[in-house]
Amino acid sequence: VWVAASTWKDNSNPPNLELFKDRHRRVAIGLDLSARNDLTAGVLAVLDDDENVHVWPHVFCPSENIEERAKRDRAPYDSWVEQGFLTPLGGASMDYAQIATYFKTGIPGVEVDAVFFDRWRIDQFRSACDEKGVFLDAEWTPVGQGFKDQSPSLENLMSLLLAKRVFHGGHPLLNMAAANAISVKDPAGSVKIDKSKSTQRIDPLIAMHQGVFAITEGDMSEDTDVSAMIG
């Protein structure tokens with residue numbers, strides 16, 4: 001498991017959503033897109049005056065067959081929809097135009113400065129954003145999913161978690177992703193999250209580490225022991 005349960009729980013303070021509306025602060029979003037069965041996640045990130053990271057997840061799923069997918073993934077998607085933690089859109093597959101519209105109207109007062117994204121299907125999503133007038137002034141940055149690109153971002157997030165500088169609010173979809181994220185190392189010691197080895201959906205965590213990296217610019221504390229990465 002990539003992160004120990006106790007380390008993750010230590011960062012469960014609720015985020016201050018007013019920080020995201022402060023135009024003196026840089027706001028970033030990490031994106032992990034899906035087409036059909038996976039979750040699509042966009043996780044906003046911002047720093048407070050004490051250099052703590054506040055994250056605000058927005059997670060989407062196709063609106064059809066939610067109960068069936070909940071049984072398959074052993075996750076209460078239907079309950080999370082009712083509680084407002086998970087947003088159903090489209091039909092049998094994700095509708096990127098609806099997601100773009102959500103980000104245009106669902107986060108009022110928030111202007112995103114940077115979009116860090118997995119390249120998969122990003123062309124379709126960016127076209128939808130251009131059409132809806134979403135993230136037009138943001139800087140778009142691709143993030144590879146191999147060891148070379150993931151390792152600095154994951155080490156950065158782990159450093160922040162170990163220092164108790166992340167406010168994720170115990171969002172249930174982030175909790176699920178963190179609990180099921182399995183990390184692997186290459187011979188050089190670089191780390192990535194392996195989706196094929198994870199037992200449940202981890203898309204919100206993938207989006208989160210990308211968004212956090214975008215606003216912290218990979219600033220890692222020199223006195224933090226990142227060797228505790230494996231929980």
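Guide: The buried residues of helix H7 pack against helix H1 (5-9), strand S3 (53-62), helix H3 (77-83) and helix H8. Keep in mind that this is a predicted model.

Visitor: Which residues of H7 are buried?

Guide: In H7 the buried ones are Pro172, Leu173, Leu174, Met176, Ala177, Ala178 and Asn180. That makes seven of the nine residues of H7 (residues 172-180), so the helix is largely enclosed by the rest of the structure.

Visitor: You mentioned H8. At what angle do the axes of H6 and H8 cross?

Guide: The axes of H6 (residues 147-162) and H8 (residues 203-216) cross at roughly 85° and come within 9 Å. An angle of 65 to 115 degrees counts as roughly perpendicular, and H6 and H8 are therefore roughly perpendicular to each other.

Visitor: And which residues make the contact?

Guide: From H6 there are Gln150, Pro152, Ser153, Leu154, Asn156, Leu157 and Leu160. H8 brings Leu205, Ile206, Met208, His209, Gln210, Val212, Phe213 and Thr216.

Visitor: How do those divide into nonpolar, polar and charged?

Guide: The contact of H6 with H8 has nine nonpolar residues, six polar and no charged.

Visitor: New topic. How much space lies in the largest pocket?

Guide: The largest pocket holds about 260 Å³. It is lined by 14 residues, and the closest to its centre are Val110, Glu111, Val112, Phe135 and Leu136.

Visitor: What about charged residues in that lining, how many?

Guide: Five are charged, next to eight nonpolar and one polar.

Conventions:
Residues numbered from 1 in each chain as written. Predicted model: local features only at pLDDT ≥ 70, side-chain atom pairs only at ≥ 80, totals over all residues. Heavy atoms only, no water. Axes fitted to C-alpha atoms, helices over the stretch in contact; angles between N-to-C directions. Helix = DSSP H or I, 4+ residues; strand = E, 2+ residues; numbered from the N terminus. Parallel < 35°, antiparallel > 145°, perpendicular 65-115°, else oblique. Contact = heavy atoms within 4.5 Å. Nonpolar A, V, L, I, M, F, W, Y, C, P; charged D, E, K, R; others polar. Buried < 20%, exposed > 50% of the residue type's maximum accessible area, 1.4 Å probe, protein only. 1 Å grid on protein atoms, 1.4 Å probe; cavity = no way out; pocket = protein on both sides within 12 Å on 5 of 7 lines; lining within 4 Å. Points joined across faces, edges and corners; volume = space filled by probe spheres on them.
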